[in-house]
Amino acid sequence: MDTLDKKILAALQANARASLQEIGAAVGLSASPCWARIKKMEEAGVIEGYTVRLNPQALGLADSVLVMVTLDSHSDNTLEKFGEVLATIPEVVEAHLVSGEYDYLLRIVVKDTRDYERLLREKLYKIKGIRQSQSSFVLRTLKRADLPLGV
């Protein structure tokens with residue numbers, strides 16, 4: 001991957017709906033070679049897909065909660081089952097297996113504290129194998145950024 005590829009990626013991160021002509025103009029290429037580079041990066045797995053960034057508050061999901069989870073067991077089966085259950089809970093928008101005191105760090109989006117309490121009772125506390133969890137409500141997001149590309 002060269003500097004032009006990174007510039008294309010930066011342009012796509014800034015606006016994935018930009019036309020090939022707009023992206024090409026931003027990086028100094030015509031549409032055809034720009035398209036060829038994008039296709040090559042898609043095929044190589046550098047570009048995983050295209051999404052839209054949604055405003056959680058506008059959708060009634062005002063609160064974000066970070067939940068640290070410790071499991072009773074670390075067997076492959078336990079980790080696999082835990083991941084499978086998390087995949088069925090739409091409010092869990094991120095799940096990371098982490099090092100340190102806890103096993104997982106989850107980011108959950110909910111309407112409010114009552115909605116989070118409902119989610120705990122109806123979904124999270126019903127997952128087998130959870131030894132403990134600790135929740136922290138996000139008060140304000142200070143930074144949300146695209147991947148650094150070094151361009």
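Glu94 and Arg107 form a salt bridge, and their closest N and O atoms are 3.1 Å apart. This is a predicted model, so every value I give is computed from it. The pair links distant parts of the chain, with Glu94 in strand 2 and Arg107 in strand 3, 13 residues apart. Glu94 is partly exposed, because its relative accessible area is 31%. Arg107 is partly exposed too, with a relative accessible area of 29%.

How many salt bridges does the structure hold? The count is 11. I will go through two others.

The second pair is Arg118 and Glu91, whose side chains meet in a salt bridge at 3.2 Å, N to O. Arg118 sits in helix 5, residues 113–122, and Glu91 sits in the loop between helix 4 and strand 2, so this bridge ties together parts that are 27 residues apart in sequence. Is Glu91 buried or exposed? Its relative accessibility is 14%, and buried means under 20%, so Glu91 counts as buried. Arg118, at 21% relative accessibility, counts as partly exposed.

Arg131 is in strand 4, residues 130–137, while Asp72 is in the loop between strand 1 and helix 4, and 59 residues separate the two. Both residues are exposed.

Thr70 lies in strand 1, residues 63–71. Why does Thr70 count as buried? Its relative accessible area is 5%, and the cut-off for buried is under 20%, so Thr70 falls on the buried side. Which residues does Thr70 touch, leaving aside its neighbours within four places in sequence? They are Glu101, Tyr102, Asp103, Gly129, Ile130, Arg131 and Gln132.

Back in helix 5, there is also Leu120. Leu120 is buried, because its relative accessible area is 11%. The C-alpha atoms of Leu120 and Pro56 are 20 Å apart, and the two residues are 64 places from each other along the chain.

Next, the pocket. Rolling a probe the size of a water molecule over the atoms shows where empty space is left. The largest pocket holds about 1600 Å³ of space. Its lining is made of 38 residues, and Thr51, Val52, Arg53, Arg144 and Asp146 lie nearest the centre. The elements that give two or more residues to this lining are helix 1 (3–14), strand 1, strand 2 (92–97) and strand 3. Which element gives the most? Helix 1 does, with four residues. By class, the lining has 21 nonpolar residues, seven polar and 10 charged.

Last, confidence. The mean pLDDT of the protein chain is 95, and 100% of its residues reach 70 or more. Where is confidence lowest, and where is it highest? The lowest is helix 4, residues 76–87, at a mean of 92, and the highest is strand 3, residues 104–110, at 98. Strand 3 is also where Arg107 sits, the partner of Glu94 in the pair I began with.

Note on methods: Residues numbered from 1 in each chain as written. Predicted model: local features only at pLDDT ≥ 70, side-chain atom pairs only at ≥ 80, totals over all residues. Heavy atoms only, no water. pLDDT = per-residue confidence, 0-100. Buried < 20%, exposed > 50% of the residue type's maximum accessible area, 1.4 Å probe, protein only. Contact = heavy atoms within 4.5 Å. 1 Å grid on protein atoms, 1.4 Å probe; cavity = no way out; pocket = protein on both sides within 12 Å on 5 of 7 lines; lining within 4 Å. Points joined across faces, edges and corners; volume = space filled by probe spheres on them. Nonpolar A, V, L, I, M, F, W, Y, C, P; charged D, E, K, R; others polar. Salt bridge = Lys/Arg side-chain N within 4 Å of Asp/Glu carboxyl O.
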